[in-house]
Amino acid sequence: MFLQLLPVPARSRKSRLLFLAAAAALAIVFLVAAFRALPEFPYTFRPKPVGKESLGDQAGNATLGFQKILALSTHPSWRTRGLQTAANLSGLAIDIPTQPRTPEAFVEAFRSIGANDPNIRTPDLGSSRAWLAHLDLLKYVVAAGYETALIVEDDVDWDVRVKEQMRLISSTVRRFVRAEEAGERKVKTQEDGDGEKRDTEKRGEGKERGERKGVGGESERPFTTTWDILWLGHCGATFSPSSDPHLSFIDSTVCPPEQYTGWWAPSLRLTIPPAQRVLQRAGRTTVCTFAYAVTFRGAQNILSLLGSGGGEAFDVQLSTRCRDRELDCLLVNPQVFQHYEPPVNMGASSLIRLANGLVEGVDEGVFEGEMGGTGNIERSARCEALFGRRCLRRFWGDEEGEE
């Protein structure tokens, strides 16, 4: 006896297929829901989307709003180790490019440029080496194609609140540039958060002009790129409120005036009120290059003007070119960066003085265990990172007066 299989009606097959499809769909929905119910951490991390970083925020990033921070250094030492420790504390990213070796014959030849001209004061040996080192680093900026770079010397120091300071400077630079584009010579002190808005409204056309010049539009940079040099670290700069184009701004982190040190301190106390800084056109005299930012164009211009030597020192020639408006130079006064000094009684000295044979070399390893000081910086990043203390130096070149 045979069991005869009867054909399944077409309607029943269709119903079965629909049932299976619906069951599969429900299973998929169930699995997706179950998967989403599982905790993501620690398996995945999806940060919340954030809006476009503001220009002020960029000025407070790890490179302080510049494309790179580059340190000028010939070799590892207490200078570079302290620099990196301070950078770690402050959340800064500082690169130290390898400096090429310069033959002594080349240094001597560079020194002799202009020696036959009685009107030219030629550099000493230490200043010649430092000059050439700055030129090498500027060539590095150009070769790398950096739009902006902050160049610092390896013994430089700054306040632990440097990011806050640079945000203020960024806003002030942009206001200053827009004001100059609008043909204004003097701008009011920025005393509150809406100072930038009031200044633009006063001019009526500031934003439009800024956008045409690449200053106020979406492509604007934290400090713009309309200048050659933004001089942030120096050991003195002249300032005349009546003649130097400038913009004052409030900064509660400024060293108290009575504790200023340096050759320009008496004048500074008379011209800049407490808790204020000034962004100015570089005046008659600026000394030292502890920290200065350059644009790509600025680096090329400096190389063209200072690459052939013929002067007392790199900083002196830079100051002269800024004064004569051959370079477009902005300057912050008082300075934001200053050099750190180990205890003077331990025989510490600058590399320039050592190169010139003015002092005897000492074992610099001992400097890392003894706290020195930094003038004009209220909360030294080096001292807080290395020693957990403040070390405001109150007397120029003196071991006394440290906190």
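The model is predicted: local features need pLDDT of at least 70, side-chain atom pairs count only at pLDDT 80 or more, and totals for chains, interfaces and linings use all residues. Residues are numbered from 1 along each chain as its sequence is written, and side-chain values use heavy atoms, without hydrogens and water.

**Overview**

The chain has 13 helices and 11 strands. Both are DSSP runs numbered from the N terminus: helices are H or I with at least four residues, strands are E with at least two. Of the chain's 403 residues, 45% count as buried. Buried means under 20% relative accessible area, exposed over 50%, and partly exposed in between (1.4 Å probe, protein chains only). Contact means heavy atoms within 4.5 Å. Among contacts between residues at least 6 apart in sequence, 79% join residues at least 24 apart.

**Nonpolar cores**

A nonpolar core is a set of buried Ala, Val, Leu, Ile, Met, Phe, Trp, Tyr and Cys residues joined through side-chain atoms within 4.5 Å. The largest has 37 residues. Phe-66, Leu-150, Trp-158, Leu-230 and Phe-337 touch the most other members. Helix 6 (residues 162-181) gives the most to this core, with 6 residues. A second, separate core has 31 residues, including Leu-125, Leu-132, Ala-282 and Leu-303. Beyond its neighbours within four places in sequence, Leu-150 contacts residues including Leu-64, Phe-66, Tyr-292 and Phe-337.

**A helix pair**

The axes of helix 10 (residues 296-306) and helix 11 (residues 314-323) come within 11 Å and cross at roughly 110°. That makes helix 10 roughly perpendicular to helix 11. Axes are lines fitted to C-alpha atoms, for helices over the stretch in contact, with angles from 0 to 180 degrees between N-to-C directions. Angles under 35 degrees count as roughly parallel, over 145 as roughly antiparallel, 65 to 115 as roughly perpendicular and the rest as oblique. Ile-302, Leu-305 and Leu-306 in helix 10 meet Phe-314, Gln-317, Leu-318 and Arg-321 in helix 11.

**Backbone details**

Most residues other than glycine have a negative phi, and most peptide bonds are trans.

| Residue | Phi | Relative accessible area |
|---|---|---|
| Leu-64 | near 55° | 0% |
| Asn-376 | about 65° | 6% |

Leu-64 lies in the loop between helix 2 (55-59) and strand 1 (68-72). Asn-376 sits in the loop between strand 10 (373-375) and helix 13 (381-386). A cis peptide bond joins Asn-333 and Pro-334, with omega about -5°.
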